[in-house]
Amino acid sequence: MVQTNQSLKLDAVVVGAGFSGLYMLYRLREAGFSTRVFEAATDVGGVWYANRYPGAKCDSESIIYNYTFSNELLQEWTWTSRFPEQAEILNYLNFVTDRLDLRRDIQFNTRISAAHYDEENKNWKIEADDGTAYIAKYFITGVGCLSASNIPNFKGLTSFKGEAYHTGHWPHEKVDFSGKRVGLIGTGSSGIQAIPVIAEEAGHLTVFQRTPAYSTPARNYRYDPEFIRQTKANYEEIRQQIRWSKMGYLHKVINNRSALEDTPEERQQEYEKVWEKGGLGFSQTYNDLLVNGESNETASEFIRSKIDEIIKDSNIAKKLKPSYYYSAKRPVLDTNYYETFNRNNVTLVDVKAAPIVEITPKGLKTSEAEHELDVIVFATGYDAMTGPLFKIDIRGKEGVSLKDKWADGTQTRTYLGIANAGFPNMFMITGPESPSVLSNVPVSIEQHVEWIGDCIEYLRNNEIETIEANLDAEEAWSKHCRELAESTLLTKVDSWYTGANIKDKPRGFLIYVGGVGQYRKICDDVAAKGYEGFSLIFTNKKITTA
Ligand code: NA7
């Protein structure tokens, strides 16, 4: 048990000062709860503070990649282009922080290392890595889904004498690649964004690819003032649309029919149109691309044909062409990704065929060759969903740790992706089994923050001391999530969605795929029924199980 050597007692402790933590702080503070956010970094921004690699940008369109709870914020902030770059998103989050005067309740440079539930006093004892401790009635995690970076445990990892960086922990000062031999491992979203930019500057860039990705063009452009004016005038409508949509975006299924209902010629035309438009809409060309393997193959094959068209060397094209279901791994948007492999200073190495066996003082060795490098960029991804939570020693009733609860050899289980049986008064923003990363994340964050804020107000107004998810409600929710996921192709491919990218991680698909609108309805109904599926203990010790 954590020893509290400091007597600071708070209503709520929130971990993380990204999109989630900032809004949670505002929401609770406005409702009169004493709240403090703890953030390990030196400033706000979460993943957008950390992901400063060249080319880092968001795949959601700017005008919907923001908070929508405040009309003032919507009117005062102006995005410059269709897809926001990391620096612009970070500026936005700083703007919100200052505008809402949030900084005074955020403790930076402080990593929360433990949070233990005290059953006797019905509160949480929270410890920071500097040894300070806090007591809070509510413990809320806003740690993100993709913040625990993964550097594979390659033999000789620390022996490299050159510079090494992970995309998720990029230095604040510019990394100079000019004239250098750069090796980049990983071709997910981060690698695909970074590769074209690094290739422009490096002496030589060697890309180590394990699994090729399906990438479609982003086609970024600067917004014109008239578009911004119209958007600002229509924000209420946009807000309603994204909140009740399938994935938190404005785009919908473009052709509400199976891909197989069209002739090959018609399909070709449809795919061409969406390819030209750019953005994440490609996966929405037909309504069954994610559920019907045969339909999916038509989209997959279209992208492969584009790779053949773009890449001059057929051997390189062959290596770049994926064979799994398109979009079952996170679909990627790019700017000149495939084109980059036509450059003379870029080499593609297939490390599925010849795996990386060792990092050496001079570079990297595969089973076939040694590559001498000045810089290694690890674009090797994250221990997603559960990884950021497991970085904190979270213990609920009877000292059971979240890690043990979720590592029982079966799979992670939550209630609504917000709460856990055995962990009273703890809430997770974008937790496992919520829509999180399969949605435009700020929309999901807002929904969680508002639901949690309303719930905590309800507890205060009704003199309820604790709220805890019931085990049967949790079982039912997890089962529902698994069944929904199993009806799609998402569980048929190894990816970070399934935990397959992390050695020895138990497999499980930890995202609710029923859509953000449907999910919002379910959460609202739970609240309307007096928090159905939760046990509430009143201050006068009366217990209700809804
Ligand atoms: P991703 O999408 O997990 O990509 C990581 C890449 O690194 C991927 O190509 C992996 O190959 C590769 N990787 C991982 N481990 C190894 C080893 N041991 N050897 C070779 N290659 C390896 O992470 P990103 O940072 O690109 O994107 C994460 C999300 O952030 C993104 O989807 C957005 O939502 C934002 P693999 O495919 O596993 O074979």
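1. Disulfides come out at zero here, where a disulfide means a pair of cysteine sulfur atoms within 2.5 Å. Cys455 is in no disulfide, and its nearest cysteine sulfur, that of Cys523, sits 11 Å away. Cys481 is in no disulfide either; the nearest cysteine sulfur is again that of Cys523, at 10 Å. Cys455 has 0% relative accessibility and counts as buried, and Cys481 counts as buried at 0% too. (Buried is under 20% relative accessible area, exposed is over 50%, and partly exposed is in between, with a 1.4 Å probe and protein chains only.)

2. A word on what you're looking at. This is a predicted model, in which local features need pLDDT of at least 70 and side-chain atom pairs count only at pLDDT 80 or more, while totals for chains, interfaces and linings use all residues. Residues are numbered from 1 along each chain as its sequence is written, and side-chain values use heavy atoms, with hydrogens and water left out.

3. Now the ligand. How many residues surround the ligand? The count is 19, and the closest are Thr187, Ser190, Arg210, Thr211 and Lys329; to be near, a residue needs one of its heavy atoms within 4 Å of the molecule. That shell divides into eight nonpolar, eight polar and three charged residues.

4. Look next at the oxygen atoms of the ligand. A polar side-chain atom of Thr211 lies 2.4 Å from a ligand oxygen, and for Arg210 the distance from a polar side-chain atom to a ligand oxygen is 2.8 Å. An N or O atom in the side chain of Arg330 is 3.1 Å from an oxygen atom of the ligand. On its own, the ligand has 770 Å² of accessible area, and the protein covers 85% of that. Those areas come from the Shrake-Rupley method with a 1.4 Å probe; for residues, only the protein chains shown count as cover.

5. On to charges: the structure holds 42 salt bridges, each a side-chain nitrogen of Lys or Arg within 4 Å of a carboxyl oxygen of Asp or Glu. Start with the pair Lys155 and Glu358, whose side chains meet at 3.9 Å, N to O. Lys155 lies in the loop between strand S6 (133–141) and strand S7 (163–166), and Glu358 in strand S13 (residues 356–359), so this bridge ties together parts that are 203 residues apart in sequence. Lys155 is exposed, with a relative accessible area of 56%. (Helices, H or I with at least four residues, and strands, E with at least two, are DSSP runs numbered from the N terminus.)

6. Two other salt bridges sit within helices. Glu301 and Arg304 meet at 2.6 Å, N to O; both lie in helix H9 (residues 293–310), three residues apart, about one turn of the helix.

7. Lys521 counts as partly exposed at 43% relative accessibility, and Asp525 counts as partly exposed at 32%.

8. Lys122 is not a glycine, yet it has a positive phi of about 55°; you'll find Lys122 in the loop between strand S4 (112–118) and strand S5 (123–128). Leu416 also has a positive phi, about 65°, although it is not a glycine. Leu416 is in the loop between helix H13 (402–406) and strand S18 (426–428), and at 0% relative accessibility it counts as buried.

9. Finally, stay in the loop between H13 and S18, where Arg413 is found. Which side chain does that of Arg413 join in a polar contact of 3.2 Å? The partner is Glu475. A polar contact is a pair of N or O atoms within 3.5 Å; within protein, one must be able to donate a hydrogen and the other to accept it, and residues adjacent in sequence count only if both atoms are side-chain atoms. Arg413 counts as buried, at 16% relative accessibility.

Notes:
Ala, Val, Leu, Ile, Met, Phe, Trp, Tyr, Cys and Pro count as nonpolar, Asp, Glu, Lys and Arg as charged, and the others, Gly among them, as polar.
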